[in-house]
Amino acid sequence: MAIPTTLDGPRVTPASGGKATALVILLHGYGSNGEDLIGLAPYWRGELPDVAFVAPNAPEVCPGAPGGYQWWAIANLSPSALNVGAAKAAPVLDAFIDQELERHGLAEDRLALVGFSQGTMMSLQVGPRRRRTLAGIVGYSGMLANQAGLDDETLRKPPVLLVHGDADPMIPLAAFHRTREALSRHGFPLETHVSSGLGHSIDAAGLTLGQLFLKRVLG
């Protein structure tokens, strides 16, 4: 089956009923879909009344996950495999970002990416490589797919919020710490939070921190 060259997914319009002055693109994890992650929008839109939300389905159907998609097939979490996979998936996400910014008449400084798990990997892969700096990136339960790529001096360095559970069985806390250290070492404005006892999920503390971060970076 051919991999789609364009993305789409569920949308939530601004709570104000007016034109969007900012955009949040929500990137789901491996085996999930946009309908799952668009569920974050109701928690945030009351405090972000002029923000539009969209959660595209990843480009590949995920084997063994009915209704689920993947940004790329994950056989293992080795650095080389993650780097190749994220780089392969990046162009279609970049094109979707271009399309959505044009749709709303917005620039990158009015855009935030919010990722979960593999969606966090995509956010951290694509966001810093945009031509202009994003308003911010929120990464839940994820990690950098390509730490070595941060040495590229042309990278943009938007503010980043990382949230992780210390009981995550899918992406261990050690991966969060490696990501935190790499982003900090390369000068990214960085906020982090570790939720005690949380597995591969998002808790109330993470939702609140995400809302506060988005409200600040999107004004």
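Predicted model: local features only at pLDDT ≥ 70, side-chain atom pairs only at ≥ 80, totals over all residues.
**Stop 1: helix 4 and its neighbour**

Begin by selecting residues 118-126, which form helix 4, together with residues 79-104, which form helix 3. The two helices pack at an angle of about 75 degrees, and their axes are 9 Å apart. Because angles of 65 to 115 degrees count as roughly perpendicular, helix 3 and helix 4 are described as roughly perpendicular to each other.

To see where they meet, show the side chains of Leu 82, Ala 86, Ala 87, Ala 89, Ala 90, Leu 93, Asp 94 and Ile 97 on the helix 3 side, and those of Met 121, Met 122, Gln 125 and Val 126 on the helix 4 side. The residues of this contact divide into ten nonpolar, one polar and one charged.

**Stop 2: Gln 125**

Staying in helix 4, select Gln 125, which is buried with a relative accessible area of 7%. Setting aside residues up to four places away in sequence, Gln 125 touches Ala 86, Ala 87 and Ala 90, and it also touches Asn 146.

**Stop 3**

With a relative accessibility of 5%, Arg 130 counts as buried. Its side chain is joined to the side chain of Asp 94 by a polar contact of 2.6 Å, and to the side chain of Glu 108 by another polar contact, of 2.9 Å. If the selection is widened to what Arg 130 touches, beyond residues up to four places away in sequence, the list is Asp 94, Ile 97, Asp 98, Leu 101, Glu 108 and Arg 156.

Next, select Arg 129, which is placed in the loop between helix 4 and strand 7. Is Arg 129 buried or partly exposed? Arg 129 is partly exposed, with a relative accessible area of 31%. Its side chain reaches the backbone oxygen of Gln 125 at 2.7 Å, which leads the eye back to the residue of the previous stop. Leaving aside neighbours within four places in sequence, Arg 129 is in contact with Leu 124, Asn 146, Gly 149 and Leu 155. A C-alpha to C-alpha distance drawn from Arg 129 to Thr 154 comes to 7.8 Å, although the two are 25 residues apart in sequence.

**Stop 4**

Ser 117 has a positive phi of about 60 degrees although it is not a glycine, whereas most residues other than glycine have a negative phi. At 8% relative accessibility, Ser 117 counts as buried.

From there, select Gly 29, in the loop between strand 2 (22-27) and helix 1 (34-37). Gly 29 is buried, with a relative accessible area of 3%, and among the residues it touches, not counting those up to four places away in sequence, are Ser 117, Gln 118 and Gly 119. Gly 29 and Gln 70 are 41 residues apart in sequence, yet they lie 7.1 Å apart in space, C-alpha to C-alpha.

A further residue with a positive phi is Ser 141, whose phi is near 50 degrees. Ser 141 is found in the loop between strand 7 and strand 8, and at 0% relative accessibility it counts as buried.

**Stop 5: the nonpolar cores**

Finish with the largest nonpolar core, which has 41 residues, and select Ile 25, Trp 71 and Met 122, the members that touch the most other members. Which element supplies the largest share of this core? Helix 3 does, with nine residues, while helix 4 and helix 5 (173-185) are among the elements that each supply at least two. Around Trp 71, contacts beyond four places in sequence include Leu 7, Leu 27, Ala 89, Leu 93 and Met 122.

A second, separate core of 26 residues can be picked up from Leu 37, Ala 41, Phe 53 and Leu 161, which it includes.

Terms used. Residues numbered from 1 in each chain as written. Heavy atoms only, no water. Axes fitted to C-alpha atoms, helices over the stretch in contact; angles between N-to-C directions. Helix = DSSP H or I, 4+ residues; strand = E, 2+ residues; numbered from the N terminus. Parallel < 35°, antiparallel > 145°, perpendicular 65-115°, else oblique. Contact = heavy atoms within 4.5 Å. Nonpolar A, V, L, I, M, F, W, Y, C, P; charged D, E, K, R; others polar. Buried < 20%, exposed > 50% of the residue type's maximum accessible area, 1.4 Å probe, protein only. Core = buried A, V, L, I, M, F, W, Y, C linked by side-chain atoms within 4.5 Å. Polar contact = N/O pair within 3.5 Å; in protein donor to acceptor, adjacent residues only side chain to side chain.
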